[in-house]
Amino acid sequence: MSTLFDLSFYVTVPFWALMIFAPAWRWTRTIIGSPWIVLAPLVIWVIVAVPVLGTLWALVTSPSLAAITDAAADPAVLTALWAQILAWDLFLGRWIYLDSREREISPWLMGPVLVGTILLSPLVFPAYLVLREVAGRGSGDREVATVE
């Protein structure tokens with residue numbers, strides 16, 4: 001189980017590396033443009049989750065802190081949860097990357113935002129939403145200036 005736990009992280013690393021270290025490379029946009037990049041951690045999720053599907057189903061249909069704490073003691077359940085978190089973070093990071101490229105937000109600024117998304121996406125995502133509004137106002141001002 002430890003191997004699948006580790007693998008669920010390593011299959012996401014190339015995509016994060018492209019978004020952070022090669023954001024303007026044309027192949028990065030092509031690769032990250034596909035929502036299928038989250039497939040690898042989801043395949044690991046399926047491999048790990050199928051044998052413990054009953055436990056996972058009970059957790060999502062009748063959640064409680066005690067049940068989740070008990071279930072997390074099972075390496076298969078914890079690995080499935082980890083793979084799901086990694087897939088979600090990658091999907092969210094993908095959206096942030098594509099949105100920031102469309103808005104022409106500096107890759108120098110977005111590198112730390114994307115690293116933050118890997119580490120603490122619940123905090124960084126709202127911060128990015130504020131950043132995109134601020135950056136959007138700036139680009140809107142430029143558009144108005146060029147129209148006049």
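Me: Are the N-to-C directions of α1 and α4 roughly parallel or roughly antiparallel to each other?
Reply: In this predicted model, the axes of α1 and α4, lines fitted to C-alpha atoms over the stretch in contact, come within 9 Å and cross at roughly 160°. On a scale from 0 to 180 degrees, angles under 35 degrees count as roughly parallel, over 145 as roughly antiparallel, 65 to 115 as roughly perpendicular and the rest as oblique. The two helices, DSSP runs of H or I with at least four residues, numbered from the N terminus, are therefore roughly antiparallel.

Me: What pLDDT do local features need in this predicted model?
Reply: Residues are numbered from 1 along each chain as its sequence is written, and side-chain values use heavy atoms, with hydrogens and water left out. Totals for chains, interfaces and linings use all residues, whereas side-chain atom pairs count only at pLDDT 80 or more and local features need a pLDDT of at least 70.

Me: Which residues of α4 make the contact with α1?
Reply: Contact is taken as heavy atoms within 4.5 Å. On the α1 side it is made by Leu4, Leu7 and Ser8, and on the α4 side by Pro41, Ile44, Ile47 and Val48.

Me: Within what arc do the buried residues of α4 fall?
Reply: Helix α4, residues 39-49, has Pro41, Ile44, Val48 and Ala49 as its buried residues, where buried means under 20% relative accessible area, exposed over 50% and partly exposed in between (1.4 Å probe, protein chains only). Seen down the helix axis, and judged by the directions from that axis to the C-beta atoms, these residues line one face of α4, so their arc is 120°.

Me: What phi does Glu104 have?
Reply: Glu104 is found in the loop between α7 and α8, and it counts as exposed because its relative accessibility is 66%. Although Glu104 is not a glycine, its phi is positive, at about 55°.

Me: Is Leu119 buried or exposed?
Reply: Leu119 has its place in helix α8, and its C-alpha lies 18 Å from that of Leu78, 41 residues apart in sequence. Because its relative accessibility is 63%, Leu119 counts as exposed.
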